[in-house]
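User: I would like to learn how to read the main features of a two-chain model. Please take them one at a time, with the general idea before the case.

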Amino acid sequence: MIWHEYQLGDTVSKTTEDTRLWESEKGIVEISKDALAIPIELDDEEKGYLFHGQGKLLLDTIVETEEGAIGKPVERELNKPFLMLADTEKTQQSLTKASEGDLTKMGYENKQEFMEEAHDLFNRFFKNGSTHSRHHVSKHRGFIFAFQNQTNKLDFLVANGPKIVYTAKDLVFVSNKNKVVLKSPDEVVCSDKGRSVIISKGKSVIIKK
Amino acid sequence: MKIELSEELKEEMKRLKEELASMKEELSEVAETKRKKGHGIYIDLGNRVRDYVEDVMEGVAEGIHGELEKSIFIGPRGVRIFKERERRRVEKEPKVNFPEVAEVMSALGQEYRLRILGELMTGGKYMSDLQEKLPEITTSTLSSHLDVLQEAGLAVQEKVRGRYLITMPGRAAYKMARRITKFLERGKKE
């Protein structure tokens, strides 16, 4: 399966309660009650959602080394539309059909206006993004999130069990249990069970075991 | 018994004696010339040898001392040998950033905050762990101390699990506290 076979559904729903979309030891993605949601479908099967509401992303992009902890946690308010590809069974249970009033609450004059914005994000993720256009994703068992950042570019979070990849404007964080790689504007850190390589801006390389 | 030497033999012995004296004189001249030219033939065994050896040893000692200063760094973790380039790097001390350092020092200037850092040196801790270790202060006091440490960049809190971790500057600050303790202890002994 390739990306272009995915379709954006045409029904707008809303969340009936605060919902935790993804959770692990290192991160959480939540969406609050009354957020708008449009299904992302593949062969008439729901494969994810495009949300717009008050959401939150927490991610502990911190590396523990023998020299001390490096990095700061990410805490982001998700108030722009964002996209999720994942198992939707749990999310479906906390969704109900949205009314015109629900759309108005989120600042849209009508359904059409929301759909246009949703299609814009959907197209940027599935069709215009050269990085992803040829990738197979239908068999993924994890989570893929695409968040719009301050500059309207996309930040990505891919998670599958303990494996996490987060790429943002000036941060890359890759984690798999005790193995962590962090690239921030100040340093690059690779760590594996206490052994770490730290390359700090303008400083020397510290290798610790 | 008296041996009568012939006049002829006497003459011969006299000639040989003169020849020997002449050879000695020649040898003496050659030796003097060589000594002056420094070719090392003339050797004065005696005080000169001792002085020479002392001079050489003194030079070697000075060389070793200079080399030690250049290439060996003795720190709290033991002895490290640096190449010339590395030595220069060690000597290149950064300028003190007074406002930032003052903020860190201010955060350190409280007994319980130092104790908290000490607890975090052994690994990440939850609030409940720290409460257990420091039962004499209230939860709100502990929480405010942790806020100060975080603002100064000495500790960081995980958002998901909530553990507090010591940062690289935090470790450096705590090591400094240890060194100060060492100096204070030494001062008391003296």
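**Reading a two-chain model**

Analyst: In chain A, residues 24 or more positions apart account for 53% of the contacts with a separation of 6 or more. The model is predicted.

User: What does the secondary structure of chain A come to, and what percentage of its residues count as buried?

Analyst: Chain A has three helices and 20 strands. Of its 209 residues, 35% count as buried.

User: How many helices and strands are there in chain B, and in what pattern do they follow along the sequence?

Analyst: Chain B has eight helices and four strands. Read along the sequence, the pattern is α-α-β-β-α-α-α-α-α-β-β-α. Of the 190 residues of chain B, 13% count as buried. Among contacts in chain B between residues at least 6 apart in sequence, 47% join residues at least 24 apart.

User: What confidence does the predictor give chain B, and what does it give the complex?

Analyst: The average pLDDT of chain B is 77, and 65% of the residues score at least 70. Over residues 40-46 of chain B the pLDDT is below 50. That stretch has six contacts in the model beyond near neighbours in sequence. For the complex, the predictor gives an ipTM of 0.84 and a pTM of 0.71.

User: How are two packed helices described?

Analyst: Two packed helices are described by the angle between their axes and by the distance between those axes. In this model, helix 5 (residues 111-120) of chain B packs against helix 7 (residues 139-151) of chain B at an angle of about 75 degrees, with the axes 10 Å apart. Angles of 65 to 115 degrees count as roughly perpendicular, so helix 5 of chain B is roughly perpendicular to helix 7 of chain B.

User: Which residues make that contact of helix 5 with helix 7 of chain B?

Analyst: From helix 5 of chain B come B:Tyr112, B:Arg113, B:Ile116 and B:Leu117. From helix 7 of chain B come B:His145, B:Leu146, B:Val148 and B:Leu149. By class, this contact has six nonpolar, one polar and one charged residues.

User: At what angle do helix 5 and helix 8 of chain B cross, and is the crossing left-handed or right-handed?

Analyst: The axes of helix 5 of chain B and helix 8 (residues 168-189) of chain B cross at roughly 115 degrees and come within 10 Å. That makes helix 5 of chain B roughly perpendicular to helix 8 of chain B. The crossing of these two helices of chain B is left-handed. Helix 5 of chain B contributes B:Leu114, B:Leu117, B:Gly118 and B:Leu120, while helix 8 of chain B contributes B:Gly170, B:Ala173, B:Tyr174 and B:Ala177. The residues of this contact divide into six nonpolar, two polar and no charged. B:Leu117 is listed in the contact of helix 5 with helix 7 of chain B and also in that of helix 5 with helix 8 of chain B.

User: Turning to the backbone, what is the phi of A:Asp34, and where is A:Asp34 found?

Analyst: A:Asp34 has a positive phi of about 70 degrees although it is not a glycine. A:Asp34 is found in the loop between strand 4 and strand 5 (36-42) of chain A. With 16 other C-beta atoms within 10 Å, A:Asp34 is partly exposed.

User: What is phi of A:Asp43, and is A:Asp43 buried or exposed?

Analyst: Phi of A:Asp43 is near 50 degrees, a positive value in a residue other than glycine. A:Asp43 lies in the loop between strand 5 and strand 6 (45-52) of chain A. A:Asp43 is exposed, because 10 other C-beta atoms lie within 10 Å and the cut-off for exposed is 12 or fewer.

User: Is A:Gly71 buried or exposed, and which residues does it touch?

Analyst: A:Gly71 is buried, with 22 other C-beta atoms within 10 Å; the cut-off is 20 or more. A:Gly71 lies in the loop between strand 9 and strand 10 (74-78) of chain A. Not counting residues up to four places away in sequence, A:Gly71 touches A:Thr61, A:Ile62, A:Val63, A:Leu182 and A:Ser184. A:Glu109 is 38 residues from A:Gly71 along the chain, and their C-alpha atoms are separated by 41 Å.

Note on methods. Residues numbered from 1 in each chain as written. Chains lettered and ligands numbered in written order. Predicted model: local features only at pLDDT ≥ 70, side-chain atom pairs only at ≥ 80, totals over all residues. Axes fitted to C-alpha atoms, helices over the stretch in contact; angles between N-to-C directions. Parallel < 35°, antiparallel > 145°, perpendicular 65-115°, else oblique. Contact = placed C-beta atoms within 7 Å. Nonpolar A, V, L, I, M, F, W, Y, C, P; charged D, E, K, R; others polar. Left-handed = near helix turned anticlockwise from the far one by under 90°. pLDDT = per-residue confidence, 0-100.
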